[in-house]
Amino acid sequence: MTQQQEKVSAFMDGEIDSSEILDALKNDPELQGQWQRYHVIRSGLRKEASVAPQLDITSQVAAALDNEPTVMAPKRSGWRKMFSGSVTPFARQSGQLAVAASVAMAVILGVQQFNQPDQVNSPTGGATPLIGTPGGLAPVSLEQSRPVSRTDMATMMEKKRKINALISDHEQQVKLKQAKQDDNQAKREQQ
């Protein structure tokens, strides 16, 4: 504390009577602000709250912001990339794989259903027998009860080959798309 501020504090407490302090207060805006702050503090300590503090800190905050250095965000580390940035591509690939598996399953079931024998010539007269009754269907079975001719076998093998080719093509497209996304991401990180 400067000597002037100590004198102002002593004057407020009634310890000294000096016309010097009054003249200094009239002429010095800094001491006037000090005088006002002391009164606000005294009112707060006495719980009077008749004097509302008037603080104007906008210019101080603006000056502090101007003096602050600009901080650039750091690049993501390997662990952050793995747990934040690559979650979306992983989920996307999983979704694509699920869709491809569903389509393949639907095609396989459709082919199997298409290759079922006609039931018009069956002993039950076209009605589907109940499971578990004599002559009924097994609950889960991939075996076919009728013999397959060579032409049917060739047709079925050709269909399976086409399905496998479609699945293989789909997997290649997913890998190419992922490689392209990885390249684009690497280019963005280099910039």
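Visitor: Let's begin with α3. Which residues of α3 are buried?
Guide: The buried ones are Leu31, Gly33, Gln34, Tyr38, Val40 and Ser43. Please keep in mind that this is a predicted model.

Visitor: What covers the buried residues of α3?
Guide: The cover includes α1 (3-12) and α2 (19-27). Take Leu31 as an example: leaving out residues up to four places away in sequence, Leu31 touches Gln4, Gln5, Val8, Ala24 and Leu25.

Visitor: Which residues make up the largest nonpolar core?
Guide: That core has 8 residues: Val8, Phe11, Met12, Ile21, Ala24, Leu25, Leu31 and Tyr38. Two or more residues come from each of α1, α2 and α3. As a general point, nonpolar side chains in soluble globular proteins tend to be buried together.

Visitor: How far apart are the end C-alpha atoms of α3?
Guide: They are 24 Å apart. Helix α3 has 17 residues (29-45), and at 1.5 Å a residue it should span 24 Å, so the two values agree.

Visitor: Switching topic: how many salt bridges does a search of the whole structure find?
Guide: The search finds 1 salt bridge. Arg161 pairs with Glu158, and their closest N and O atoms are 2.5 Å apart. Both residues lie in helix α7, 3 residues apart, which is about one turn of the helix.

Visitor: Is that Arg161 buried, exposed or partly exposed, and what about Glu158?
Guide: Arg161 is partly exposed, with a relative accessible area of 48%. Glu158 is partly exposed too, at 32%.

Visitor: Okay, zooming out. How many helices and strands does the protein chain have?
Guide: The chain has 7 helices and 0 strands. Buried residues make up 12% of its 191 residues.

Visitor: Which helix has the lowest mean pLDDT, and which the highest?
Guide: Helix α5 (residues 78-85) has the lowest mean, 54, while helix α7 (residues 150-190) has the highest, 89. Across the protein chain the average is 75, and 69% of the residues score at least 70. Where pLDDT is low, the predicted coordinates should not be read in detail.

Methods
Residues are numbered from 1 along each chain as its sequence is written. This is a predicted model: local features need pLDDT of at least 70, side-chain atom pairs count only at pLDDT 80 or more; totals for chains, interfaces and linings use all residues. Side-chain values use heavy atoms; hydrogens and water are left out. Helices (H or I, at least four residues) and strands (E, at least two) are DSSP runs, numbered from the N terminus. The expected span of a helix is 1.5 Å times one less than its number of residues. Buried means under 20% relative accessible area, exposed over 50%, partly exposed in between (1.4 Å probe, protein chains only). Contact means heavy atoms within 4.5 Å. A nonpolar core is a set of buried Ala, Val, Leu, Ile, Met, Phe, Trp, Tyr and Cys residues joined through side-chain atoms within 4.5 Å. pLDDT is the predictor's confidence in each residue, from 0 to 100. A salt bridge is a side-chain nitrogen of Lys or Arg within 4 Å of a carboxyl oxygen of Asp or Glu.
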